[in-house]
Amino acid sequence: MMDEFKPQVSISTPAEILAAVPHMLGFYPADSRVLLTLHDLETTPRFGVALRTDLPHPTEIREFAAQLIQGSLKPQRPNAVVAIVVSDEGHNHGAHQLSLEHSTTRDPANLPHAELVNILIETLQHADIHVGHALWTPGIRSAAPWRCYRDHDCSGSIPDPAASPLAASLALQGSVTFLSKDEIRTLVAPESDDAIADWSAKLDALHNGIEDRYSQDELRSDLRAVSEAIDSISNGMTLTEDELVRVLFALSDNLVRDIALGTALGNRARAAEKLWLALIRKAPVPEFGEVAVLLAVSAYARGDGALAGITLERLRQTQPDHHLGILLTKALHTGVSPTHLTAMMCATTQEALREVQELIGSTNPFVL
């Protein structure tokens, strides 16, 4: 999972870094390896991205470390990283199961997953990437202990993550930090078979009631439906189910969807994302794929790599051959930054706008 940190908040000590991790990721990690990239160390040091994976099996540690260097970490070109292991149990050199009491011993070698961290540090150093901190904690929560892998005098307890400066900054921006990845999955999980079947029938009725799905008049109507729905949400209004189905129908035109990708930036981004969230749990296939990519791009653009990744995870399960979904998944897995991704999506939107203007004959007032 990858996320780019946008808020301007000073974070320096190991305890502050650990308290900030859930907000960097968008959820509280468990049984995880997290890398935080650091950049511009000689001028104004800044965090770059957070990379989280499940903890590898002891037999796969070296392969895991090599793949990390050549995969998601390589495009970031960090000057240094902070390596974090979140685990309330582990193995000492892949053999000895540790209790939480034992894992707080003064000897860093007895910390959970010490072999993983040692191999990771060795691999990073061979790639000329400095490891600023290597930290362990059983869980990121208030008063939880933390230890350094390389310094037996380096330890402490985590301050309340919910009260951290980064949490406050993100809350002002409207961001939410979830308790787990499963909690995020509920946002995009299908509501019920009956609800999806009902929406599918309504979409079929709309298709059957239109003589020319891709006429100029229908294109105008589709763009108007999406734009007016976003405006309504911006003004605090609640859309009816029929209005939501009409928007989903409009997005089944890839030209409309590509224009809607542009809503990920600008002052309508939040309202647009609320609209995609309102649609995704009841959207049937194939319309689900279009709203899924819109939600993934919107979430990723504002730095919520967790929601973007889980949305694309469901898309892979539901429509594994969805072309744009495949491209977005590859971008996230290779560590493409949110800034780069949104630039690519903006290019797609601009191309769609040019096509719309050619079809309609002038700039459409309902273009998003």
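A residue counts as buried when its relative accessible area is under 20%, as exposed when it is over 50%, and as partly exposed in between, using a 1.4 Å probe and protein chains only. With that in hand, welcome to this predicted model, where local features need pLDDT of at least 70, side-chain atom pairs count only at pLDDT 80 or more, and totals for chains, interfaces and linings use all residues. Residues are numbered from 1 along each chain as its sequence is written, and side-chain values use heavy atoms, with hydrogens and water left out.

**The chain as a whole**

- The protein chain has 15 helices and 9 strands, taken as DSSP runs numbered from the N terminus (helices are H or I with at least four residues, strands E with at least two).
- Of the 368 residues in the protein chain, 52% are buried.
- Contacts are heavy atoms within 4.5 Å; among those between residues at least 6 apart in sequence, 69% join residues at least 24 apart.
- The accessible surface of the protein chain is about 16900 Å², and carbon and sulfur atoms hold 51% of that; the areas come from the Shrake-Rupley method with a 1.4 Å probe.

**The disulfide**

- The whole structure contains 1 disulfide, meaning a pair of cysteine sulfur atoms within 2.5 Å.
- Its partners are Cys 148 and Cys 154, with sulfur atoms 2.0 Å apart.
- Cys 148 is buried because its relative accessible area is 6%, and Cys 154 also counts as buried, at 14%.

**The cavity**

- There is 1 cavity of 30 Å³ or more in the structure, a cavity being a set of points, on a 1 Å grid over the protein atoms alone, where a 1.4 Å probe fits but cannot get out.
- The largest cavity holds about 30 Å³ of space, where a volume is the space filled by probe spheres set on the points.
- Its lining, residues with an atom within 4 Å of a point, consists of Leu 261, Gly 262, Ala 264, Leu 265, Val 297, Thr 342, Met 345 and Cys 346.
- Helix α15 (residues 338-360) gives the largest share of that lining, 3 residues.
- By type, the lining of the largest cavity has 6 nonpolar residues, 2 polar and no charged.
- Cys 346, one of the lining residues, is partly exposed because its relative accessibility is 28%.

**Glu 290**

- Glu 290 sits in helix α12 (residues 287-301) and is buried, with a relative accessible area of 10%.
- Leaving aside residues up to four places away in sequence, Glu 290 touches Leu 251, Ser 252, Asn 254, Arg 257 and His 322.

Methods:
On a 1 Å grid over the protein atoms alone, a cavity is a set of points where a 1.4 Å probe fits but cannot get out, and a pocket is an open set with protein on both sides within 12 Å along at least five of seven lines; lining residues have an atom within 4 Å of a point. Ala, Val, Leu, Ile, Met, Phe, Trp, Tyr, Cys and Pro count as nonpolar, Asp, Glu, Lys and Arg as charged, and the others, Gly among them, as polar.
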